[in-house]
Amino acid sequence: EMLEKGGYDHFMLKEIYEQPRSVRDCLRGRIYPQQGKVQLGGVKEYVEKLKNVDRIIIVACGTSWHAGLVGEYLIEEYARVPVEVEYASEFRYRNPIITEKDLVIAISQSGETADTMAAIELAKEKGATIFGICNVVGASIPRLSHAGVYTHAGPEIGVASTKAFTAQVTALTLMAFYIAQQRGTITESKLIEYLTELNEIPTLIEKTLKTNDHVQIIADKFKDSTNCLFLGRGSSFPVALEGALKLKEISYIHAEGYPAAEMKHGPIALIDEDMPVVFIATKNSSYEKVISNIQEVRARGGHVIAIVSEGDTVVRDMADYVIEIPQTSEAFVPLLATIPLQLLSYHIAVMRGCNVDQPRNLAKSVTVE
Ligand code: G6P
């Protein structure tokens with residue numbers, strides 16, 4: 001088993017470290033930065049559909065649902081198509097309004113999740129076109145779908161999803177730019193710019209992984225916490241949700257992810273000296289707003305751990321701990337900001353003596369309702 005873990009103590013850690021490779025594999029053969037072109041062979045027969053689609057519905061469960069929320073930001077921003085993101089388990093039971101004009105994108109690592117399959121079947125009956133974004137080649141969901149994109153992250157063994165998540169986000173980023181390209185909602189020069197940057201993301205993930213030792217020190221400070229709050233805005237909000245899910249899944253610390261601005265409508269009541277608050281506070285459009293949220297937490301004695309852009313000094317002076325990640329366009333922040341959060345949960349869970357790869361009560365693939 002040690003051999004299978006490639007010298008790492010756990011599959012989860014191995015899979016975290018595989019991300020430069022898995023994201024590169026997801027991009028391979030699909031982006032042509034110099035020409036400003038995205039190619040998605042698996043959906044190319046549906047180009048006309050993409051040109052005319054009025055609405056996209058994303059269905060998924062768990063971590064895949066978080067990837068869907070990132071996808072919503074990206075598709076709406078670049079392709080300008082309205083997107084709804086649904087928990088498959090809710091969608092399937094509430095007589096949803098779907099027509100043949102809709103495109104449903106089902107996201108699933110395993111391709112076998114019962115609720116997601118049922119959601120697809122329902123949407124198919126109502127005439128929608130179904131795309132699958134899956135990791136496991138030939139699984140049930142790709143077979144049920146009309147077309148799709150494989151994430152190519154490779155087998156994921158750890159129950160808590162890591163590399164499959166970043167590969168899903170990568171596939172959705174490609175999807176957003178692909179649809180944008182078909183609909184002409186992005187200029188060629190912008191696409192050249194973005195794809196050139198996207199091509200460098202695997203290298204930047206590698207750089208981000210170097211935060212590991214520092215994250216381990218932070219983990220040691222907060223390993224005995226009973227609660228933890230994760231806050232972010234824009235596409236960093238789903239990153240906060242995913243950070244919280246990772247922590248609760250493997251360390252059994254109660255954690256919640258929230259949009260930073262919503263904090264004042266509830267979670268702020270929980271903040272005291274025993275409450276670590278993790279912020280995604282990179283230098284993007286909501287930077288200034290997130291800074292005021294950090295000040296609000298500080299004023300109430302909460303401990304702040306902030307994911308910041310390299311070289312940031314403003315947040316450094318406010319936070320108890322900062323974790324620097326490379327500066328990147330807003331579109332790609334989720335792919336980098338997720339990494340230290342995975343490491344933080346991992347180290348905390350190890351320090352608490354938890355079974356990191358197989359947390360209690362959880363299954364890798366939920367094939368029953
Ligand atoms: C389970 C797994 C999660 C996963 C979710 C959805 O709960 O433990 O890691 O995100 O199912 O699975 P899927 O294979 O559809 O992505």
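Predicted model: local features only at pLDDT ≥ 70, side-chain atom pairs only at ≥ 80, totals over all residues.
1. The length and setting of H4. The 18 residues of H4 should span 26 Å at 1.5 Å a residue, and the 25 Å between its end C-alpha atoms agrees with this.

2. H4 against H11. Two packed helices are described by the angle between their axes and the distance between the axes. For H4 and helix H11 (residues 236-251), the angle is about 165 degrees and the axes are 9 Å apart. H4 is therefore roughly antiparallel to H11, since an angle over 145 degrees counts as such. The crossing of H4 and H11 is left-handed.

3. Helix H14. This helix takes in residues 333-351, 19 residues in total. From its first C-alpha to its last, H14 reaches 28 Å, close to the 27 Å expected at 1.5 Å a residue. H14 is mostly covered, with 17 of its 19 residues buried. Gly 353 follows H14 and has a positive phi, near 75 degrees.

4. H14 against H9. Helix H9 (residues 188-208) packs with H14 at an angle of about 25 degrees, and their axes are 9 Å apart. H9 is therefore roughly parallel to H14, as an angle under 35 degrees is counted in this way. The crossing of H9 and H14 is right-handed.

5. H2 against H8. How are H2 and H8 oriented to each other, parallel or antiparallel? Helix H2 (residues 19-27) and H8 meet at an angle of about 30 degrees, with 9 Å between their axes. H2 and H8 are therefore roughly parallel to each other. The crossing of H2 and H8 is right-handed.

6. Most residues other than glycine have a negative phi. Asn 95, however, has a positive phi near 45 degrees and is not a glycine. Asn 95 is located in the loop between helix H5 (88-91) and strand E5 (103-108). Asn 95 counts as exposed because it has 8 C-beta neighbours inside 10 Å. His 152 is likewise not a glycine, and its phi is positive, about 55 degrees. The loop that holds His 152 runs between strand E7 (147-150) and helix H8 (163-183). Is His 152 buried or exposed? His 152 is buried, because 20 other C-beta atoms lie within 10 Å, and the cut-off for a buried residue is 20 or more.

7. Glu 45. This residue lies in the loop between strand E2 (37-38) and helix H3 (47-52). Glu 45 counts as exposed, since it has 10 C-beta neighbours inside 10 Å. Glu 45 and Val 137 are 92 residues apart along the chain, and their C-alpha atoms are separated by 19 Å.

8. Val 314. Helix H13 (residues 314-318) contains Val 314. Val 314 is partly exposed, because 14 other C-beta atoms are found within 10 Å. Between the C-alpha atoms of Val 314 and Gly 266 there are 26 Å, and the two residues are 48 residues apart along the chain.

9. Lys 5. The segment before helix H1 (11-17) holds Lys 5. How many C-beta neighbours does Lys 5 have inside 10 Å? Lys 5 has 16, so it counts as partly exposed. Lys 5 and Ile 186 are 181 residues apart in sequence, and the C-alpha to C-alpha separation in space is 42 Å.

Note on methods:
Residues numbered from 1 in each chain as written. Helix = DSSP H or I, 4+ residues; strand = E, 2+ residues; numbered from the N terminus. Expected span 1.5 Å × (residues − 1). Buried ≥ 20, exposed ≤ 12 C-beta atoms within 10 Å, placed from the backbone. Axes fitted to C-alpha atoms, helices over the stretch in contact; angles between N-to-C directions. Parallel < 35°, antiparallel > 145°, perpendicular 65-115°, else oblique. Left-handed = near helix turned anticlockwise from the far one by under 90°.
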